[in-house]
Structure formats: C-alpha cells, structure tokens
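Please look at the sequence and structure first.

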Amino acid sequence: MEYLQSLLQGFSVVLTPYNLWMATVGCFLGTMVGILPGLGPSATIAMLLPLTFGMNATPAMIMITSLYYGAKYGGSTTTILLNVPGEGASVVTALDGYEMARQGRAGAALGVAAIGSFFAGIVGTFGLIFICVPLAEFSLKFGPAEYFSLIIMGMLTIVFVGGKSITKSLISGVLGVAMGTVGTDFVQGAPRFVYGVTMLMDGIPFVAVVMGLFGIAEVLVSAEEQMKMKPIKVKFSQLWPSVADVLESKWAILRGTVIGFLVGALPGAGSTIASFISYGIEKGVAKNPERFGKGAIEGVASPESANNSACSGAMVPLLALGIPGSGSTAVMLGALILYGLKPGPMLFAQSGDFVWALIASMFIGNIILIIMNLPMIPLFAYSLRIPYALMYPAIILICIVGGYSLSTNVWEVWLIIIFGAIGYVLKKCDIPAAPMVIALVLGPMMEYALYQAMNLSHGSILTFVTRPISATLLGIALLMTIAVMSKTVRMKRAMLEDDDD
Amino acid sequence: MKKTDRNFGIVCLGLSLWLILEGLRWDYTSGFTPGPGFEPFWLGVILACLALFLIFDSFRRKDSKDDNKNAFPEKKALFRVALILIIFSGFAAIVETFGFELTVFIFVVLILYFLESYKIGKSIFYGIAFSGLLFLIFKYWMQIELPHGFLGI
C-alpha cells in the first residue's frame, strides 16, 4: 500500500505536460538513434545526453530512461529489417526476425517485438518496485566497509559485462579506475596526474569520456566505409502483426519477461545473456524446435521481451545500491551524479520523490513506446533509408554541443575527440568500453569508502572480513571470480558477442 | 589479433610503469588511511600483471578465427577515420573564432563533399540546413550558450 501511494505520487510528478513531452521526445529520439546500425543503448544515451542539459533532474532522467527504452526498441528494427544487430542482446533476435522479414512477415516480427517489449517493460517495472525498495532499505545498514566490499563485488562483475576476454575486461576496468584517480586527491589534496593542467583538477569529466568512448568511437567504426544500407522492402499493409501472431507468441513473451528480469537484475549479467537464455529455453520447450532459425515468431518474442525486462532488472542494482550492472546503467549513474543525486542506499531516503517519479516514468515510457511504435513502424522502417552520411555528422555535432555546453569551454570538446580516438582503437583491439566507464564511476567511490573504512577501524584491514555483510559480499565476489575462471563459463562467454547494453 | 594483443599489452605495460612511478612520488599512507600514492601504485602493479598475461597468452594460445583477421581495417578506411578526426579537431580549433553556425556549416560541407562524395551544391544545402536546425534546437529550444565568433552569431 505504501508502495502504491509512493507510485501514485510519482505519477503525479510525471503526468505534467512538460514531463510527458520529455518522455515522448526521449522515446522517439531513442528509437531513431537506436535504429542506426551499430549503435546500442549506451551509445544512444551517451550521444543524446546533451539534450537533457539545462533541465532539472526529474525531466532529465525521465528523458534518459525513455531514450534507454527507445534505443532498445530501435535496435530490434535494425536487426529485423537489416540483419545488423545494434547490440549483443539483439543478435539472437536476428536469427528468426530477419528470416521472418525475408518471408514477408516483417510487420509481425516488428509488432510482436513491440508488444513483447511493452509487456516486459511494464511487468519488469513492477518487479523493480518489489525488489528495489526492500533492497534499498536493507542497504541502509551498509557502512563504509560494506560499501567498499559491495563496490569490489560490483567491479568484479565487470568481467561479465565486458567482451569475450576476461583479461581484456579487467584491463579496461583497471584503466577506468586509473582515470578516476586523475584530479585532486581527497586525503591530502594532492593533485594527481594533473601536470599543471588546471582543467584536470576536478578529474576527467565523465560525460566527455562516455561521449567519446561510446558515441564518437561507434560513429568512427561505422564511418570506416561509405555505408549503404539496404533494408528489406516491406509493403505498407504488411507492417503490422495479426491477432494470431500475437496470440501465438503470448507464452514466449511471458517466459522471456520473467527470465529477462531475473537475469537483468544480477549485476553484470545484462540483457545479452538474458536474451540468449530465453531463446534457448523457448527452443527447448517448443513442440517443433526445428522451426527456430527459420522464422519462428517465438524466436523474436521471447528474446525481445527478455531484452526489455532486463532493462528494468538492471535498474535494481543501480537504484538500490548505486552499482551499475551494464554500460547503459553506468551512463545513467553518471547522469544521476551529474544532476547532483547520489545513487545508492540513500537515494530512496533522500530523494524519494525523484525515484518514484523515475519509476513512474518507466511505466509511462513503455506506454508511449507502444502507442508510438505500432503506428509508426512504417516511419521507423523508412528511416533506415536516410543516408548514414547525413546521420553521422549530426551525431558528432550533438556530441560537440554537449561537450561544449558542460563548461562553455572547448576543452571538453577536445577531450571528446581524444576519447573518441581512444575508443576507436579499443574497439579495434577488442577491449570493451563498458568496464572502463563503470570503473571510472565506481573508482573514486571505492577509494573514498576505503579511506573511510580504514579511518573508522584505525587502520585495521580486518574490518572488511569481520563485519558480516562486508564478509558476505567479499565471499560472493570470491565465488564469482572462481566461477568466471571456470572452463565452462569461459567457453560460454566466448559464444557471446560484445555487449553494448 | 595476436599481434594487436601483443602491441596493446606493451602499451599497457608502459602505462603500468607510469602509474607505479607516479604512485611512488606520493605518500603511500596517510595516518590510518591509504595515501594518494596507494591506489595508483597498486593499479600499476595489477595492470602490469594483466598486460604480461595478455602478451604471454598471445604467444601461447592456438590461432582462433579472430586471430586470423586483421584488427584494423585497410588503409582507405583508416584514412576516412583519420580524416573525420582531423575535421572534428579542426572544428574544435576554430569554433570559438568563427562561431558555432559558421563552423557547423564548414564541418558539414567538408564531410559531405570530401568524404561522402556529395556534389558541392547538395553539400552546401545540407550545411545550411544542419547549421540552422542545430541553432534552432540548441540555441532557441534548449537555450544553450554557444560560441559566437567574430560574426557575433
């Protein structure tokens, strides 16, 4: 009942014309940019983040979550019509989605993806409420030692979030933490890695790093060739699903939703793993599994639902613990910090109105997406015909304006260029950017928690293992490391594509 | 990919050395707590271990499908990427002198004409369209302060 009251309060904040408009714009732009081949949700949020500058925290975060959901849906369109998955989570959708499009059933595939995403988004958000609030209340018991151990555990999930190689993911994470040490040290006020550049005293700006590594680097990779996209041509009349299509996929949607949420809520597991597992289960329970890979509608419905409910699941560790489990939630965490909010145990206590408005906006965002997406499937399908040559200069320009507007200084623009170039090289070297971004956010928090914990314990390192919650968290981290090192998990990881959620 | 891993490992080894040396310049501890040198030092040590493992693994592992591919694209594609970065850097260098609208126009025309082989007329048309549209969005709708330049716009 208490939740319901808080949620209603959240709706009263969101249901203002301005906030609704922000949610609509976020859904639309997220879908339009998410449609671009190769651009996943992290890149989409990073690129469009500047559009929220100048807003208050609530409308800004409403727009950002709408971008997130929109980008997820946009990725499905590209996957189904072009066979070019924009993110790891869509890879499995391509197997049946593209086949359906080739058979003239693109509308059914796109429609079922939209309906599945809507259902999963709504159910996933309810799941978020029922898990997130108790978890946040429990985490209020955390002191610095517990928080340090939690961050260590969160950092170790980096190896799951990243690409195929554990070593490369760890290197990316270590480089991220190292970047977080740039600036004035809070213990003695010593300038670290500043070398007389005053702009570095406050550290490396998170937004510039995110825009460079996710936004510009993706654009550079896509711009290597003069890209000519040839989406499958679909007749206008074929662009919507039939009732039979929807009924056929109802159980697949339900199973995908449950699996997606549970997997997504685990830090680091992400929507790629969720969509792969749900596809595997769907194939396993199917009466005719041989249809899979040849245009089975359940092969689209289940992973797309899992993909979307994993988004809601991923918000659990972000909102309750302040630990991002994926690249996209790391960008969102950065955005929250940018707006002066402190994600984690205290967020519900200190900024309850904001959090409930954010949760309410997730319901609204999903409703807007389904209202917008079903009738606009033709528009999104046709938008794939806009030449990429016109799209990428626009993306670069948005990033430039975003960087400049942060401090009305061209310094941030230079940083975006530098990190764009670094991001491009990292991509070519197969080094995942997500662990770096997550570590850049968590690194300074970890150092601060370590400082506080050591101070309180008068320098005794045993504080981390003598406090039950801290010891449990470190134990989980240890178990997770052992699991990751095991041969079976390593083999499964090798099957996964790079994750950009 | 093996060669790329090796080269990347060497770069990381260099970075780790830098972190360790810089870490040693600052205090390792400060009273009960770690000092400013603690984290850079240990990050350097961990990075060095990981870099050595990456280099060692590139010699040890069997060739995979990825190992037989070139990590970086051919010269023509790399040239396109370099050119985009150069034009982008040029933008950053001149935007405060020329102002936002004029620089956007130049940026778009250069990219479309030289990189995307658009005709000059079409490139100019899109240059004006982009410049106007971004001006409307950022300046009027979002009221973001953009560089004015010598033209005052």
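Chain B has an average pLDDT of 86, and 95% of its residues score at least 70. The model is predicted, with an ipTM of 0.90 and a pTM of 0.80.

**Confidence within chain B**
- The lowest confidence in chain B falls in strand β1 (residues 29-30) of chain B, with a mean of 85.
- The highest is in α2(B), at 92.

**Domains of chain B**
- Chain B is split into domain 1 (2-68) and domain 2 (75-141).
- The centres of domain 1 of chain B and domain 2 of chain B, taken over C-alpha atoms, are 39 Å apart.

**Contact between chains A and B**
- On the chain B side, 52 residues are in contact with 47 residues of chain A.
- Two or more residues each come from α1 (2-25), β2 (33-34), α2 (38-60), α3 (75-98), α4 (100-115) and α5 (120-141) of chain B.
- The most is given by α3(B), with 11 residues.
- By type, the side of chain B that touches chain A comprises 38 nonpolar, 6 polar and 8 charged residues.

**A helix pair in chain A**
- Helix α5 (residues 91-102) of chain A packs with helix α6 (residues 106-139) of chain A at an angle of about 140°, and their axes are 7 Å apart.
- From α5(A), the contact uses A:Gly97, A:Met100 and A:Ala101, while α6(A) supplies A:Ala106, A:Ala108 and A:Ala109.
- The residues of this contact between α5(A) and α6(A) are 5 nonpolar and 1 polar, with no charged.

Methods: Residues are numbered from 1 along each chain as its sequence is written. Chains are lettered from A and ligands numbered from 1 in the order in which they are written. This is a predicted model: local features need pLDDT of at least 70, side-chain atom pairs count only at pLDDT 80 or more; totals for chains, interfaces and linings use all residues. Axes are lines fitted to C-alpha atoms, for helices over the stretch in contact, and angles run from 0 to 180 degrees between N-to-C directions. Helices (H or I, at least four residues) and strands (E, at least two) are DSSP runs, numbered from the N terminus. Two residues are in contact if their C-beta atoms, placed from the backbone, lie within 7 Å. Ala, Val, Leu, Ile, Met, Phe, Trp, Tyr, Cys and Pro count as nonpolar, Asp, Glu, Lys and Arg as charged, and the others, Gly among them, as polar. Domain bounds come from an automatic or database domain assignment. pLDDT is the predictor's confidence in each residue, from 0 to 100.
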